[in-house]
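Please examine the sequence and the structure shown below.

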Amino acid sequence: MNFIPARMKALPIAVTLAAAVAFTMSGPAQAFEKTPQGNVLVFGGRQPVPNLDPSQKYDWSTRMLQQAVYDALVKYEGDPAEIKPWVAKSWEESDGAKTWTFHLADNAKFHNGDPVDAEAVKFSFTRTLKIGKGPSWMLSSVLAPDGIEVVDPHTVRFHLKEPYAPFLSFLPWWYILNPKEVTAHEKDGDMGQAWLTEHAAGSGPFKIARWQQGTLYGLAALDDYWKGWPHQTHPAGVIYKLMRETATQRAALIRGDADIVEGLSPDDYEVVKSMPGIAIENHPGMTTFGIMFNTAKGPTADINLRKAIAYAMDYDALLKVYNGAATLEDSPFPAAIKGHVAVKDIPRQDMAKAKEYLAKTKYADGGLTLDYVYVQGLEEERKIGLILLGDLKELGITVQLKPMTWPNMTALAEKVDTAPAMIAVFTTPVATDPDAVAFQYAKGSWGKYYGSHYLDDPELEKMIIEARQTAEWDKRAPIYAKIQERIVADQPEVFGMLANRRWARRDWVHGFNFSPVHFTGEVDLYQLEIVPK
Amino acid sequence: MALYIGKRMAFLIVMLVGLLIVTFLISHVAPGDPASLAAGPDAPPEMVEQIRHEYGLDKPLPVQFVLYLEGILHGQLGQSVRTGHPVTEDLAEFFPATFELVTVSMLIAILLGIPLGMLSAVKQNHWFDHATRIVSVSGVAVPMFWLGLMLQLALALDLGWLPLSGRLGIMSAPPDPVTHLYLIDSLLAGQWDVFRDALSHIILPAVTLCFPALASIIRVNRAEMIEALGQDYIVNARAQGIGPFRTVAVYALKNAFLPTLAMIGLRYGWMLGGTILVESVFDWPGIGLYATQSAIAQDFQPIMGVTLLIGANFMIANLLVDLAYIWLDPRTREAA
């Protein structure tokens with residue numbers, strides 16, 4: 001007997017599903033999005049922008065959009081990164097880098113037409129200092145709100161607490177907000193913080209058009225931007241579309257759903273670079289990778305052990321992790337940092353020397369185990385850990401790979417007693433001034449993830465403070481040369497490599513203007529243009 | 001019945017408080033400092049301290065917990081350190097996307113799973129039965145993440161039939177929010193193009209997400225149907241000349257459906273809290289991603305908010321299943 005009724009044989013559900021697919025079928029997108037206003041560029045990025053307020057937050061994705069909707073007194077552009085006049089058309093320092101005076105452009109205006117004047121500059125800097133979040137740390141030790149003087153509507157003067165030569169190098173990240181708009185949206189004395197998480201009160205080349213948290217952030221270009229545009233064919237807008245997986249980013253780029261993507265894996269870049277219509281931006285970056293030692297506690301407090309490990313490391317293997325798209329560090333300072341010098345004694349693999357140094361320690365025959373802590377899920381860090389494991393085996397040192405979440409890792413780094421023997425660290429300086437890197441090795445950095453070295457070298461400390469308080473570059477440069485040599489001699493880390501910054505873009509996207517001071521996937525959207533074929 | 005529902009609701013509240021205590025303790029004993037993470041890697045200690053104070057993280061744990069409970073009584077779930085938004089606002093923003101995805105996914109699983117389970121039982125050890133066994137074993141064994149990527153590559157990238165990711169096309173504006181479910185809101189607004197766009201975007205993630213549930217429904221329904229089809233009342237029905245469709249789809253299915261229904265309830269609650277991988281692959285702006293990002297940032301209050309919401313949904317889904325059980329089975333009605 002046949003139990004399957006005739007009515008059930010047709011599989012109507014399958015037909016329904018097929019019909020649904022047919023009903024919704026969409027052909028692949030061919031290019032950038034076309035709108036009545038012009039062409040809109042789509043950027044596929046992994047990291048969301050939960051808070052756009054320039055006084056509260058900065059990371060690469062946040063800062064990319066902040067720079068699109070806000071202006072600062074000065075701006076970083078180009079490779080090597082140079083500080084260019086922006087809202088400030090000129091400036092001068094006096095009193096040995098203790099007083100800084102800025103003359104503002106006459107035509108700078110906010111999106112609502114209000115002038116960008118000295119009062120707005122004072123309001124914005126004061127707001128950031130008072131809120132005490134985001135970029136506040138960059139200047140809070142040298143600048144107090146009462147040190148900001150409005151000389152006239154187009155002149156603002158900063159009186160610092162002490163001479164501070166790197167002052168200018170941090171200003172590109174201090175954006176200017178419209179005081180009227182911010183004040184109008186204050187709630188319970190929050191200085192507009194809640195409103196500014198998803199709104200802007202700026203004067204930049206773009207304004208916010210759509211803000212769908214967790215999905216996309218849409219910007220519309222201002223044709224009458226006060227500073228003008230570098231290209232006539234600038235996009236009518238930019239959509240920053242969140243794409244969490246590199247596989248999705250890659251597929252979106254190939255389909256034409258995205259015009260430019262960041263963060264593909266090294267292998268993905270190899271795959272897409274030969275595809276027609278796709279170009280790769282591949283630039284030496286400023287993000288260093290090092291294996292930081294705890295120089296104060298445990299076996300790695302012995303400099304000879306640190307030297308032994310540094311000489312045992314296979315540096316060429318590090319480059320292979322990035323398929324060659326990286327360069328070895330020749331100094332603790334990246335090449336893009338002002339005052340960089342190549343330190344000739346920086347360790348390269350030399351097992352004889354490694355054994356020589358090991359013999360000077362109490363672990364001459366090896367037999368010790370060291371932790372290598374890295375961020376869970378970061379495949380490159382894991383691979384580097386495996387290289388280290390193999391290399392140190394020859395010295396009789398066992399390496400324990402310990403993947404950890406970022407919060408757990410930074411929590412360990414906060415105390416000298418818990419700081420791991422070896423910790424994988426990527427560091428991107430926020431400015432091109434050498435102080436931004438040198439200070440990572442000062443006591444003031446202890447407890448931060450890049451300060452888990454707990455290096456205590458009074459001579460080095462003295463030079464770092466002296467250099468940041470010296471105004472003339474001719475006097476600073478030799479100090480920084482000595483600082484670089486001193487850091488290498490102290491060996492607080494295995495100085496690794498600088499992975500290239502890479503983006504994949506469709507070839508109709510022009511005007512890509514790389515600057516090494518930009519973070520991870522950050523792009524200067526203002527410079528981009530669409531040139532249809 | 002009202003007394004039964006009242007008892008269950010009271011039990012639900014007790015369970016939620018228990019859930020809150022456990023989540024609160026777990027999230028606070030984990031190493032890491034949300035204030036430090038929010039302040040950024042370069043922030044000096046005084047800046048970290050200021051943020052800690054602003055969000056009440058400097059208070060003793062019991063005080064923090066009591067303040068949190070007080071907030072809940074006032075409809076507040078605290079504020080996210082990461083986003084700077086009230087947690088209730090964030091949940092209202094992200095939960096509807098997950099709810100819509102899980103509901104569509106479960107509907108697909110039910111609409112496919114019950115007929116397939118039924119047919120497998122009827123055609124036991126036939127090729128059709130073996131074929132559905134492959135589907136159901138794969139549904140449990142194949143990682144959702146991988147399946148999503150494969151479907152994406154095949155149907156979106158290679159064939160270009162369906163969109164790659166997201167909830168709507170990049171240039172489409174969401175429909176006016178009524179329920180915050182795009183499929184329903186677009187229909188209510190009569191925006192057919194938006195409905196079509198939303199439907200095309202939900203197919204791939206919903207199909208990916210439905211596979212484990214589909215597998216369970218097929219297997220449970222098949223097993224129950226086999227047992228039901230061997231019962232005397234089925235033999236009796238056949239002897240009375242009742243047609244095969246009515247015998248199988250009405251008499252046998254009604255009895256075999258109860259365990260399947262219980263499993264659907266459990267699965268639905270589980271799916272609401274288990275969408276992270278699918279949301280990640282398809283850039284679905286749901287609560288799974290929000291929860292993960294909050295967990296990475298050790299942002300306690302969103303973690304608690306999400307746990308509370310998912311827990312409540314899980315319990316409500318089970319309550320509804322129990323009520324449906326009572327409605328379907330007169331014996332349990334008596335007991336209730």
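**Overview of chain A**

Among contacts in chain A between residues at least 6 apart in sequence, 71% join residues at least 24 apart; two residues are in contact if their C-beta atoms, placed from the backbone, lie within 7 Å. The model is predicted, and local features need pLDDT of at least 70, side-chain atom pairs count only at pLDDT 80 or more, and totals for chains, interfaces and linings use all residues. Residues are numbered from 1 along each chain as its sequence is written, while chains are lettered from A and ligands numbered from 1 in the order in which they are written.

- Chain A contains 17 helices and 22 strands; helices (H or I, at least four residues) and strands (E, at least two) are DSSP runs, numbered from the N terminus.
- The radius of gyration of chain A is 26 Å, close to the 24 Å from the globule rule for 533 residues, so chain A is as compact as a globular protein of that length. This radius is taken over C-alpha atoms, and the globule rule is 2.2 Å times the number of residues to the power 0.38.
- The C-alpha trace of chain A spans about 90 × 80 × 45 Å along its principal axes.
- Of the 533 residues of chain A, 50% count as buried. A residue is buried if 20 or more other C-beta atoms lie within 10 Å of its own, exposed if 12 or fewer, and partly exposed in between, with C-beta atoms placed from the backbone.

**Strands and sheets in chain A**

- An open sheet of chain A is formed by six strands in the order 15-19-14-18-16-17, with mixed pairing. Its edge strands are strand 15 and strand 17 (397-404), each of which pairs on one side only. Two strands pair if DSSP finds at least two bridges between them.
- Neighbouring strands of this sheet are turned by 25° against each other on average, direction ignored.
- Strand 14 (residues 288-293) and strand 19 (residues 493-499) of chain A pair in the antiparallel sense over five bridges. I291(A) has V494(A) in strand 19 of chain A as its bridge partner.
- Helix 14 (residues 406-413) of chain A lies across strand 16 (368-375), strand 17 and strand 18 (422-427) of chain A, and runs at about 130° to strand 16. Axes are lines fitted to C-alpha atoms, for helices over the stretch in contact, and angles run from 0 to 180 degrees between N-to-C directions.
- Strand 7 (residues 148-152) and strand 8 (residues 155-159) of chain A run antiparallel and are joined by four bridges. These two strands form a hairpin with two residues between them, and E149(A) stands opposite R157(A) in strand 8.

**Particular backbone sites**

- The peptide bond from D79(A) to P80(A) is cis, with omega near 5°. P80(A) is in the loop between strand 3 (74-77) and strand 4 (82-85) of chain A.
- N323(A), a residue other than glycine, has a positive phi near 50°. N323(A) belongs to the loop between helix 11 (315-321) and strand 15 (326-328) of chain A, and is partly exposed, with 13 other C-beta atoms within 10 Å.
- H180(B), a residue other than glycine, has a positive phi near 70°. H180(B) is in the loop between helix 7 (144-158) and helix 8 (182-188) of chain B, and counts as partly exposed, with 17 C-beta neighbours inside 10 Å.

**A buried residue of chain B**

- L101(B) is in helix 5 of chain B and counts as buried, with 29 C-beta neighbours inside 10 Å.
- Leaving aside residues up to four places away in sequence, L101(B) touches I202(B), P205(B), A206(B), L209(B), T275(B), W284(B) and G286(B).
- L101(B) and C210(B) are 109 residues apart in sequence, and 9.7 Å separates them in space, C-alpha to C-alpha.

**Where the chains meet**

- The contact takes 52 residues from chain A and 55 residues from chain B. Helix 5 of chain B gives the largest share of the side of chain B that touches chain A, seven residues.
- By class, this side of chain B has 34 nonpolar, 13 polar and eight charged residues. Ala, Val, Leu, Ile, Met, Phe, Trp, Tyr, Cys and Pro count as nonpolar, Asp, Glu, Lys and Arg as charged, and the others, Gly among them, as polar.
- Helix 8 (residues 246-255) of chain A and helix 7 of chain B pack at an angle of about 5°, with their axes 11 Å apart. These helices are therefore roughly parallel to each other; angles under 35 degrees count as roughly parallel, over 145 as roughly antiparallel, 65 to 115 as roughly perpendicular and the rest as oblique.
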